[in-house]
Amino acid sequence: MNKIAGGLFNFADRLQMTALNHRLQRNQVIAGNIANAETPGYRALGYDFEKQLQDVAQVNEPVGTRVTDARHLRNTFAQADGQIRPDVFVRPTESVGEDGNTVDVDGEMAQLAENQILYRAAVETINRKLALLRYAISGGTR
Amino acid sequence: MSSFFKSMSISSSGLAAQRLRMNVLSANLANAQTTRTDEGGPYQRRDVVFSAVPTGRAFEDFLDGTHNTQLRKVEVVAVHKDQAAPRRVLDPSHPDADKDGYVEMPNVQVMSEMVNMITATRSYEANATALNDAKQMALKALEIGR
């Protein structure tokens with residue numbers, strides 16, 4: 001993603017493209033939680049990438065920067081190579097029922113809807129960027 | 001990337017599990033008055049055991065390193081018989097009545113079966129919504145650059 005058309009896509013665009021992948025991952029995590037809403041002892045999983053994305057955005061460097069020296073500044077959430085790779089974590093919530101299951105289906109459905117809307121927003125943003133490029137390529141004739 | 005389909009396969013595992021549960025609950029309701037079974041004695045109510053199992057170990061997941069060991073789908077690992085004592089009903093005219101006139105009826109509680117059925121329906125709907133959501137995302141992704 002970083003190699004193709006380096007000049008056409010700026011940092012913010014790449015951030016949007018990264019966000020698409022993370023939203024997809026989050027969708028999987030939520031689907032797993034909902035499927036296991038009635039499995040005794042199942043602990044709900046979480047997936048938080050926004051915080052990390054925010055930190056990278058504040059550093060204002062391309063997402064793909066690499067740490068090659070121990071003295072290099074590095075954002076605390078990124079992995080050793082500077083990439084954002086959030087892990088799925090067990091959400092530290094209390095059990096809802098007495099069977100040890102911690103899935104809150106209403107909360108999961110709300111997250112699912114939110115995730116879906118933000119995914120669509122990211123696609124829309126990328127589409128508009130592409131439309132701008134197309135407009136420039138055609139010399140503003142359409 | 002097969003990620004859209006992984007999300008869908010997790011949701012469909014939930015759909016399948018809840019449907020199987022619904023079948024078991026229907027069998028319980030249908031046999032709420034059954035006094036004769038192959039094993040002898042009245043019908044014993046059945047219930048499903050859900051278990052969280054690792055999602056598909058697809059070859060390409062290992063290949064591109066996206067295999068996530070924490071992600072779980074759901075599976076019905078067993079259908080167990082409720083060992084609660086049968087209901088004893090006084091009905092001396094019944095052919096299966098014992099010498100005191102009592103008939104052993106199944107340990108099925110119709111009310112709690114109905115409640116379980118509603119829960120299963122709601123869970124099924126939640127999984128169907130999640131599946132639709134993944135589908136919508138996949139379709140939206142196809143619109144990139146259009």
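In this predicted model, eight residue pairs, both members at pLDDT 80 or more, are found in polar contact across the interface of chain B and chain A. The side of chain B that touches chain A receives two or more residues from each of α1 (3-30), β1 (46-54), β2 (72-81) and α3 (110-141) of chain B, and the largest share, 12 residues, comes from α3(B). Sorted by class, this side of chain B holds 13 nonpolar, 15 polar and eight charged residues. Two salt bridges are also found across the interface of chain B and chain A, one of which joins the side chains of B:R21 and A:E38 at 2.4 Å, N to O.

The contact as a whole draws 36 residues from chain B and 33 residues from chain A. Between them, the two chains bury about 2800 Å², with 59% of this area on carbon and sulfur atoms; of the area that chain B buries against chain A, 23% is supplied by B:Q70, B:M137 and B:K140, more than by any other three residues.

The largest share of the lining, five residues, comes from α3(B), while by class the lining divides into seven nonpolar, three polar and seven charged residues.

Technical notes
Residues are numbered from 1 along each chain as its sequence is written. Chains are lettered from A and ligands numbered from 1 in the order in which they are written. This is a predicted model: local features need pLDDT of at least 70, side-chain atom pairs count only at pLDDT 80 or more; totals for chains, interfaces and linings use all residues. Side-chain values use heavy atoms; hydrogens and water are left out. Contact means heavy atoms within 4.5 Å. Buried area is the accessible area (1.4 Å probe) that two parts lose on being put together, summed over both. A salt bridge is a side-chain nitrogen of Lys or Arg within 4 Å of a carboxyl oxygen of Asp or Glu. A polar contact is a pair of N or O atoms within 3.5 Å; within protein, one must be able to donate a hydrogen and the other to accept it, and residues adjacent in sequence count only if both atoms are side-chain atoms. Helices (H or I, at least four residues) and strands (E, at least two) are DSSP runs, numbered from the N terminus. Ala, Val, Leu, Ile, Met, Phe, Trp, Tyr, Cys and Pro count as nonpolar, Asp, Glu, Lys and Arg as charged, and the others, Gly among them, as polar.
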